[in-house]
Amino acid sequence: ETTIWSTVEPVKVPAGPGGSVPIGKPIDNTGLYLLDRHFNPVPVGVAGELYLGGAGVARGYLKRPELTAERFVPDPFSQVLGSRLYRTGDLARHLRDGRTVYVGRTDFQVKVRGYRIELGEIEAALARHPAVAQCVVVVREEAQLAAYYVAAEGQAASVGNLRAALREELPDYMIPSHFVALPALPLTPNGKVDRKALPAPGGGRPELGREYVAPEGEVQAKLAAIWAEVLRVERVGATDNFFELGGHSLMATQVLSRVQEAFGVELPLRSMFNTPTVAGLAETIVQKGLERADEEMLLRLLAELE
């Protein structure tokens, strides 16, 4: 599609654990562009699809006009008539010094709960953690992101630490619901990660960085059972955070629907965000029940006065 190489970067110092080597700057007579899905250049630090232009770009694929039209697109940045850009399918981001860092592939762009997500961007952020040697992120059932990782030699990768590190770089909707440690990532015969061979996340309680606290009382016990059913985990503690257990807004609406059936109280969606633990939401349910009881008592009194 292009010349053998299109960018250059002198490697002076080996990258440390989780580090990366930039792919550098384009060689002479070569243009490198990072564009969004509307074909607009992305700002520094934002991931975009990598396009290559200039003298090294090929004419296309032999006897494959449809694939040629898909991958070799008109070059809006060139003054030469008929110039083309090669659409690499790679994701990258510009550094402030003009160099470029590879992020991942657009083949793994997904839409989860209304958000367009580049799985490669999550993988790149996770790979920067010193305790992670290799990693891959996929979408599992119930629109949940699952991260699979191999711990770096001599390093202990706590799920709580991994989640906290990702929160410093990524928005909440890009934080995986599950983190699965593996001795090695499964590979295809040609050496690529075999995503189809990745095991399903276990149904046990995820590592949250806190001890399990058993629910107290009937309300907490019923609520914990509802969460466990919706989240598909074996058990839920009184102080466990719904969203750290892998929950999201769609699951939250399922929980509130079941809460209404079980307790006869209707709660707004924001209550799940305001009190995301079993103990906190149980208290909200009890308070709402008391308010409803008081309201029914008042209505009975007014009816008697009439």
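What follows is a set of questions and answers on this predicted model.

Q: What makes the contact between arginine 99 and glutamate 9 a salt bridge?
A: The side chains of arginine 99 and glutamate 9 meet with N and O 2.7 Å apart, and because a salt bridge asks for a side-chain nitrogen of Lys or Arg within 4 Å of a carboxyl oxygen of Asp or Glu, the pair qualifies. The pair links distant parts of the chain, since arginine 99 sits in the loop between strand 6 (84–94) and strand 7 (100–105) and glutamate 9 in the loop between strand 1 and strand 2 (25–26), 90 residues apart. Glu9 and Arg99 also belong, together with Asp97, to a network of salt bridges.

Q: Why is arginine 99 called partly exposed?
A: The relative accessible area of arginine 99 is 24%, and because buried means under 20% and exposed means over 50%, with partly exposed in between, arginine 99 is placed in the partly exposed class.

Q: How do you know that arginine 93 and glutamate 121 form a salt bridge?
A: Their side chains meet at 3.5 Å, N to O, and because the cut-off is within 4 Å, this pair counts as a salt bridge. Arginine 93 belongs to strand 6 and glutamate 121 to helix 2 (residues 119–127), 28 residues apart, and the pair links distant parts of the chain. Both arginine 93 and glutamate 121 are buried.

Q: What makes glutamate 229 and arginine 258 a salt bridge, and which parts does the pair tie together?
A: The closest N and O atoms of glutamate 229 and arginine 258 are 3.1 Å apart, and because the limit is within 4 Å, the pair is a salt bridge. A search of the whole structure finds eight salt bridges.

Q: Why is helix 4 called oblique to helix 5?
A: Helix 4 and helix 5 pack at an angle of about 140°, with their axes 10 Å apart. Because roughly antiparallel is kept for angles over 145 degrees and roughly perpendicular for 65 to 115, helix 4 is oblique to helix 5. The crossing of these two helices is right-handed.

Q: Why does aspartate 75 count as buried?
A: Aspartate 75, which is in the loop between strand 5 (72–74) and strand 6, has a relative accessibility of 11%, and because buried means under 20%, aspartate 75 counts as buried. Aspartate 75 and tyrosine 86 are eleven residues apart in sequence and 8.9 Å apart in space, C-alpha to C-alpha.

Q: Why is proline 10 called exposed?
A: Proline 10, found in the loop between strand 1 and strand 2, has a relative accessible area of 53%, and because exposed means over 50%, proline 10 is exposed.

Note on methods: Residues are numbered from 1 along each chain as its sequence is written. This is a predicted model: local features need pLDDT of at least 70, side-chain atom pairs count only at pLDDT 80 or more; totals for chains, interfaces and linings use all residues. Side-chain values use heavy atoms; hydrogens and water are left out. Helices (H or I, at least four residues) and strands (E, at least two) are DSSP runs, numbered from the N terminus. Buried means under 20% relative accessible area, exposed over 50%, partly exposed in between (1.4 Å probe, protein chains only). Axes are lines fitted to C-alpha atoms, for helices over the stretch in contact, and angles run from 0 to 180 degrees between N-to-C directions. Angles under 35 degrees count as roughly parallel, over 145 as roughly antiparallel, 65 to 115 as roughly perpendicular and the rest as oblique. A crossing is left-handed if the near helix is turned anticlockwise from the far one by less than a right angle, and right-handed if clockwise.
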